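I open this notebook to record what I looked up in one structure. The entries follow the order in which I consulted it.

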Amino acid sequence: MLHLSPVDLQREKMKALFIFVCEDRPIHTDPVVAALVTRALAIEEFKGKKDHEITFYEPPEVAADRVVLRGLGKAETLDAEIFRQAAGKSLRRGRTLGLPRMGLVAPDAGAAGMAEVDLLRALLEGAFLGNHVFDRYKQEKETQPLARVDIVVPAAAVARHRRLVFEVETICSETLRAREWVNLPSNAKPPVELAALITRDAKAQGLAVEVLAEKELRRKNMGALLAVAAGSANPPAMVILRHGVSRRPPVVLVGKGVTFDSGGINIKTGDSLIDMKGDMAGAAAVAATLIAAARLKLKQHLIGVIPLVENMVSGRSSRPGDIVRTFSGKTVEIGNTDAEGRLILIDAMAYAEKRFSPEVMIDLATLTGACVVALGEKIAGVFSRDEALQKAIVAAGRRTHERCWPMPLPADYKELLKSPYADISNMPSTRYGGAISAALFLSEFVGKTRWAHIDIAGPGFHKKEDAYCGAGGTGFGVRLMLDWLMSADRNVPETTAAR
């Protein structure tokens, strides 16, 4: 679908060509493109302000049926995300026009003040992600994805970046796979069925797959996970994905997979219930990351551990005040059945820690509303006692714009999780600092493993579309984790956090 193309704009026929324009300085050096920009800026209604557009129909300078010039605002604001968004919005416009193919002219990287690879990656990512439409349940399709998008570049740039298109298409297609899984309604993905979907797609890419069914989970004494699943007629499952073999300990990714969260006996109310199909966004991100790693043939030894449950209300549901014995042997008093994600994670993480002795373990989870209150809907919280690991994840978030912010793990807050009856409570004794107390709870079950917790409750699911993502699942975490995995040194400290 994506192509870096040295298109002869004066000869090659194209339905639509999109050109990006700054309001205060030129960013194109191609004389044909520069002439179109100059003509556009001479028109009073268009000055290159952000998201402003002007369209030329059958302009004599090029062979395109229409040329859409889109403003980016002031040049000083240019960065990868500006171009990612511009490409995504252009693709959305192309879909509404019913185009089968369109071109995006890449600005000159030097004029834009960016490295060429970063500029092209951003355009490719925005175009691919912005072309996605989730409409499998609609009888009438409002728009169709474009079949081809050409990023117009000089021939030399094509030679320099031959692998880039494959890399971006692979990573972004797995981001879309995660979005699709999240957007599936809960009746289409109860735990065992979602495990089967993940298994099918993972095996197709050569991953080793193991699925622990309810009987095996019970045999392994995963009492916390089973307590969450108890109220549902749909049994739980745990999927284990493996990529690569190495003498080094693996990197383990753990993803929270609650396919529907009613809250249990502490039942949710109001509008929040309809979005609870998205409470398995962490599981989707982990599975898609492992599949992408296989497709990219990454050399790392990776394991994904994905606990899947449905948290429902019935006569068999766990109750507030129940005490369960976890895989680790520690007992947990259930202070609130709607704090279920941390219960399934602790069994999964303790199991992974004991079985795989990981070099690093990272969990991704739509865990707390408190994290959304703290950071909003677009930034994830990263909790870790390993400062280098935390900084490396934050840096990956900066590069991908899957933004993360470092959060504290103060030891004295553990007092809030004390239970008079069990080793620990899954709910703190205060309503404040809920994202911190949830992370501290998880930290009790990872042993001495280098570990980070990423709370994606905000960015994992959006109610409104944005520049390159429709409403619903965002696939947050896939690009983040792959960038972190593919970085030359996953532990290089970086000071820049979320913008």
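I take helices (H or I, at least four residues) and strands (E, at least two) as DSSP runs, numbered from the N terminus. The model is predicted, so I note that local features need pLDDT of at least 70, that side-chain atom pairs count only at pLDDT 80 or more, and that totals for chains, interfaces and linings use all residues. Residues are numbered from 1 along each chain as its sequence is written, and side-chain values use heavy atoms, with hydrogens and water left out.

**Entry 1: a histidine.** I looked up His243 and found it in strand 8 (residues 237–243). Is His243 buried or exposed? I call a residue buried under 20% relative accessible area, exposed over 50% and partly exposed in between (1.4 Å probe, protein chains only). His243 has a relative accessible area of 10% and is therefore buried. A polar atom of the His243 side chain lies 2.6 Å from the backbone oxygen of Leu298. I then listed contacts (heavy atoms within 4.5 Å). Beyond its neighbours within four places in sequence, His243 touches residues including Leu290, Ala294, Lys297 and Leu298.

**Entry 2: helix 10.** I turned to helix 10 (residues 281–296). I take the expected span of a helix as 1.5 Å times one less than its number of residues. For the 16 residues of helix 10 this gives 22 Å, and the end C-alpha atoms are 22 Å apart, which agrees. Of these 16 residues, 15 are buried, so helix 10 is largely enclosed by the rest of the structure. Just after helix 10, I noted a positive phi of about 55° at Lys297.

**Entry 3: a sheet.** I count two strands as paired if DSSP finds at least two bridges between them. Six strands form an open sheet of mixed pairing, in the order 1-6-5-2-4-3. Strand 1 (2–5) and strand 3 (53–57) stand at the edges with a single partner strand each, so one side of each lacks a neighbour in the sheet. Strand 1 pairs with strand 6 (residues 148–152) in the parallel sense over four bridges. Within strand 6, Ile151 is the bridge partner of Leu4.

**Entry 4: cysteines.** How many disulfides does the structure hold? I count a pair of cysteine sulfur atoms within 2.5 Å as a disulfide, and the structure holds zero. For Cys172, the nearest cysteine sulfur is that of Cys469, 11 Å away. Cys172 is buried at 0% relative accessibility. The sulfur of Cys404 is 9.7 Å from the closest cysteine sulfur, in Cys371, which is too far for a bond. Cys404 is also buried, at 1% relative accessible area.

Terms used:
A polar contact is a pair of N or O atoms within 3.5 Å; within protein, one must be able to donate a hydrogen and the other to accept it, and residues adjacent in sequence count only if both atoms are side-chain atoms.
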